[in-house]
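Reader: I have not looked at this one before. Can you walk me through how its helices pack?
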Amino acid sequence: MDCLQGDQFAPLDCDAEGSIYLKLHPSHSAPVLTIATTGLLMLSADAAVPSMDIVGPYGLMQYLATMRGYVYRSTMAVKAVEAPTTPVYSPESVGEPSPVFKDENITVYSIPLYPSADVAMAEDSPARNLKRKRSPSPPTSFKRPSASVPVSDQIAQSTTPVASALTAHAEATDFIPAVLTGADAQEWRKLMLQEMFPMQSPPEADSTLSTKEKRQARKALKESDEPPPRSRLVSGEKKYARLPQLGLSNGLGPRSLPTLAYLCIGPVVRGKFDVRKAQELGLPKGPIRAQLTKGETVMFEVDDGNGGKVQKTVRPEDCVGPSEMPQAIIILDVPTRAHIPALMASFTESPFFSSYRSKDDATRKLHPVHAVYHMCGDGVLEDEQYKAFMNGFSNDTHHLIFSRQHTPNKIAFTRSAHVQAKLHQLDADLFPLPKYEMSPDRDFSSVDGLPPKAVLALPDTILRVRPLRPPMPDENAKDDEFNPLAAKGLLPVLSSSVMEKFAAAKARVSDRVGRNSPASQLGDDVVVTPLGTGSALPTKMRNVSGTLVQIPGHGTILLDCGENTWGQLARSFGDDPCHVTGVWEVLRDLKCIFLSHMHGDHHMGLSKILMMRASMDPPPSQPLYVVGLRPHLTYMLERHELEDHGLSEPNSVVMILSDALNWRPARPYGKAQSEDEPFMNVERSRENAREMCRDLGLKTFTTVDVAHRVRCYGVVLRHHDGWGLAFSGDTMPTENLVKVGRDVTLLIHESSMSPDEEALAREKAHSTSAQAIDVGRRMRAQKLLLTHFSARYPGMPPRQGDGDASGGPLIGLAFDYSRIRLGDMWKLNAYLPAIQHTFDEFGDEDPVEIDLTKLQ
């Protein structure tokens with residue numbers, strides 16, 4: 001979930017009564033492959049979804065294979081399907097295309113949309129091919145794709161057997177996957193996906209099993225104490241070796257890859273059985289009637305009136321009403337105006353697809369289109385050619401339009417914003433309001449020439465396909481807790497008890513400020529902004545890991561970068577449409593991203609941050625240093641082919657191997673991974689780290705191997721101004737961090753579990769809050785910020801244990817969107833009783849006790 005705004009398209013669903021509908025649900029994400037796939041995979045696996053087909057354009061298998069370092073699911077069958085790359089209007093594409101997905105409810109066809117090279121170049125600025133200018137509408141003719149991708153009218157699937165010649169070749173000691181090309185490269189990607197998802201067929205797919213047996217098999221698989229054995233298709237060294245490149249050679253890079261449009265066709269619904277006519281025809285009850293409903297002609301004997309029998313034939317049309325024609329839904333992803341020519345050609349020059357875009361009544365009866373979903377990039381909706389395309393459909397067709405420029409940037413996670421707005425009344429500096437806009441950049445009503453049923457897509461909108469209904473609000477959607485108040489410029493009303501707690505807390509703080517207490521210290525001006533304080537999964541109140549550290553006059557450091565970190569940054573600092581102030585100023589000042597380990601909740605937002613940085617015009621004047629493990633850095637290189645990270649730009653990304661900065665010799669990687677990339681050179685990483693320290697005013701930047709399930713590093717920073725900061729990453733209590741972080745100003749430590757869950761914390765290689773406090777004491781840290789709270793605690797974090805905290809660090813709890821100046825961190829501590837009371841008032845959140853004797 002890495003975009004600031006946008007409403008995500010949900011596929012066909014079915015309610016308890018069998019009605020089929022489409023729903024739009026609020027999200028921070030845009031509805032594109034690169035944002036939701038990983039989180040969706042993990043969520044589906046945890047929810048025991050037996051199987052999943054993931055359909056996408058050319059490059060999908062490469063995209064999924066880049067996740068091999070942190071995605072492995074042995075209990076869910078995953079099939080990646082790459083759609084045909086041949087344009088549907090080309091001479092090679094004849095007849096009805098093959099569907100990319102089909103089951104008993106829906107048939108899905110894909111339409112690759114390549115950007116026109118002429119339009120793309122016309123929209124590029126001379127300085128950089130990522131900066132686009134407005135240009136006249138592109139011409140209607142468009143024949144050749146601009147991407148150097150293999151042109152094929154065949155569907156590629158990850159579950160088909162891998163060529164035996166490749167598997168045999170992979171056993172050689174000198175085998176290097178990165179040099180593979182063409183079909184061999186694609187076979188290797190398939191092999192990686194089969195390694196990641198070894199269960200190729202779930203029990204439900206076994207047609208020899210009864211429904212009961214399938215249910216029992218799924219239950220046994222889910223409840224088994226013994227995890228399925230890890231696959232051994234290739235050795236670990238070769239699995240984590242760099243992937244083959246896609247080989248895009250036309251100079252446009254990821255922008256030349258196609259997007260996909262989809263034509264989704266529902267089932268043919270049989271007509272209703274007319275019982276009265278059946279009785280008049282003498283049709284007996286029983287299986288024979290079911291045969292008629294299936295479209296079969298039946299014969300049976302009836303009395304001839306003279307005591308004899310005679311054969312009678314009944315055809316389906318005699319007592320079964322006409323079938324309902326299947327309704328179609330079209331989903332269009334048109335990110336730039338350069339994609340419009342291919343879209344027009346697909347629906348005008350392809351006989352199959354053109355039949356679904358018609359105003360002719362006879363054609364519409366055979367191919368009815370209930371709705372078209374338009375995901376429009378900048379300038380697409382206003383384009384006259386695109387308007388002409390939209391108006392080529394029947395006036396009865398609904399058009400739901402997704403456009404960032406025309407959609408108000410409202411809050412999506414309203415519970416979190418509602419709580420923040422209450423705490424804002426406690427301390428506006430410590431709890432700033434999340435940034436939002438109630439008005440769009442451009443007024444949707446000002447766009448003329450749209451079809452009569454064109455509307456802006458809104459969150460929680462349902463479109464029923466059977467029975468046919470227009471788009472309407474979901475009656476079951478939860479109430480919006482924030483935006484109605486924000487539209488009126490109001491803040492949530494505080495209860496009398498909360499107001500009383502707030503007043504008492506403010507009085508205590510005011511009294512200390514009046515006594516000039518506490519005294520100023522080194523590092524007081526450093527500001528820490530928790531962007532994600534949750535663990536493993538996002539909740540209504542907490543995003544996954546990410547902490548921003550702003551060093552005035554020197555730059556900014558991001559400690560871990562979980563999914564939706566960009567969205568959290570934009571909500572925290574504001575998304576300036578001109579890309580100058582707000583989050584863009586923070587991004588320009590960002591000098592270092594430190595990634596602790598390969599678990600997805602700590603790094604899945606990295607790609608989005610790099611993409612947004614690469615889009616800045618003018619580009620940043622200083623490099624961004626990314627400090628991570630070998631898999632992190634390899635992942636960046638592999639994803640760069642699919643999503644432009646700006647790695648080839650001046651002042652782009654400098655990679656630093658975190659192992660090279662460890663306080664003691666680090667555990668080596670495998671032999672095949674020792675020097676396969678420049679960043680594996682230890683001395684080069686150390687030299688880059690020295691440059692980074694100079695840019696940030698740091699004396700030292702030391703990584704610390706900590707105790708987690710996988711290779712994981714914390715980090716200790718010491719500044720020339722005399723202050724220091726330690727960050728634990730994910731870890732059990734470890735003496736390593738205590739030694740290296742001695743006497744730091746601030747320790748940011750994970751606090752996943754409550755003190756009474758020490759055994760569970762040990763099992764999961766995490767720390768309890770009491771253990772984190774003990775580490776802070778032994779480290780002699782001045783301040784301790786607890787974060788990374790388990791989803792077991794959706795509101796307030798767990799209590800901090802019992803006993804006296806005299807002599808220990810000042811303790812604070814991290815909250816998403818809070819902005820903590822180190823010199824004011826004592827206020828966060830002083831406000832905790834009032835904050836606790838605020839959370840306790842939310843009835844759907846279980847109150848969690850905090851032992852304030854541990855919080856000075």
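Author: Start with helix H15, whose buried residues are Thr-414, Arg-415, Ser-416, Ala-417, His-418, Val-419, Gln-420, Ala-421, Lys-422, Leu-423 and His-424. Buried means under 20% relative accessible area, exposed over 50% and partly exposed in between, with a 1.4 Å probe and protein chains only. Helices (H or I, at least four residues) and strands (E, at least two) are DSSP runs, numbered from the N terminus.

Reader: What kind of model is this, and how are residues numbered?
Author: This is a predicted model, where local features need pLDDT of at least 70, side-chain atom pairs count only at pLDDT 80 or more, and totals for chains, interfaces and linings use all residues. Residues are numbered from 1 along each chain as its sequence is written, and side-chain values use heavy atoms, with hydrogens and water left out.

Reader: How many residues of H15 are buried?
Author: Eleven of its eleven residues, so H15 (residues 414–424) counts as mostly covered.

Reader: And what covers them?
Author: The cover includes helix H16 (483–487), H17 and H27. Contact here means heavy atoms within 4.5 Å.

Reader: At what angle do H17 and H27 pack?
Author: H17 (residues 496–514) and H27 (residues 832–840) pack at about 165°, with axes 8 Å apart. Axes are lines fitted to C-alpha atoms, for helices over the stretch in contact, and angles run from 0 to 180 degrees between N-to-C directions. H17 and H27 are therefore roughly antiparallel; the label applies over 145 degrees, with roughly parallel under 35, roughly perpendicular from 65 to 115 and oblique for the rest.

Reader: Which residues make the contact?
Author: From H17, Ser-497, Val-498, Lys-501, Phe-502, Ala-505 and Arg-508; from H27, Pro-833, Ala-834, His-837 and Thr-838.

Reader: Another pair, then. How do H11 and H14 pack?
Author: H11 (residues 340–348) and H14 (residues 384–391) pack at about 25°, their axes 10 Å apart. That makes H11 roughly parallel to H14. Ile-340, Leu-343, Met-344 and Phe-347 of H11 meet Gln-385, Tyr-386 and Phe-389 of H14.

Reader: Changing topic: how many residues has the largest nonpolar core?
Author: It has 145, and Trp-188, Ile-593, Phe-701 and Ile-835 have the most contacts inside it. Such a core is a set of buried Ala, Val, Leu, Ile, Met, Phe, Trp, Tyr and Cys residues joined through side-chain atoms within 4.5 Å.

Reader: Which helix gives the largest share?
Author: Helix H5 (residues 182–196), with six residues. A second, separate core of 36 residues includes Ile-330, Phe-347, Phe-352 and Val-447.
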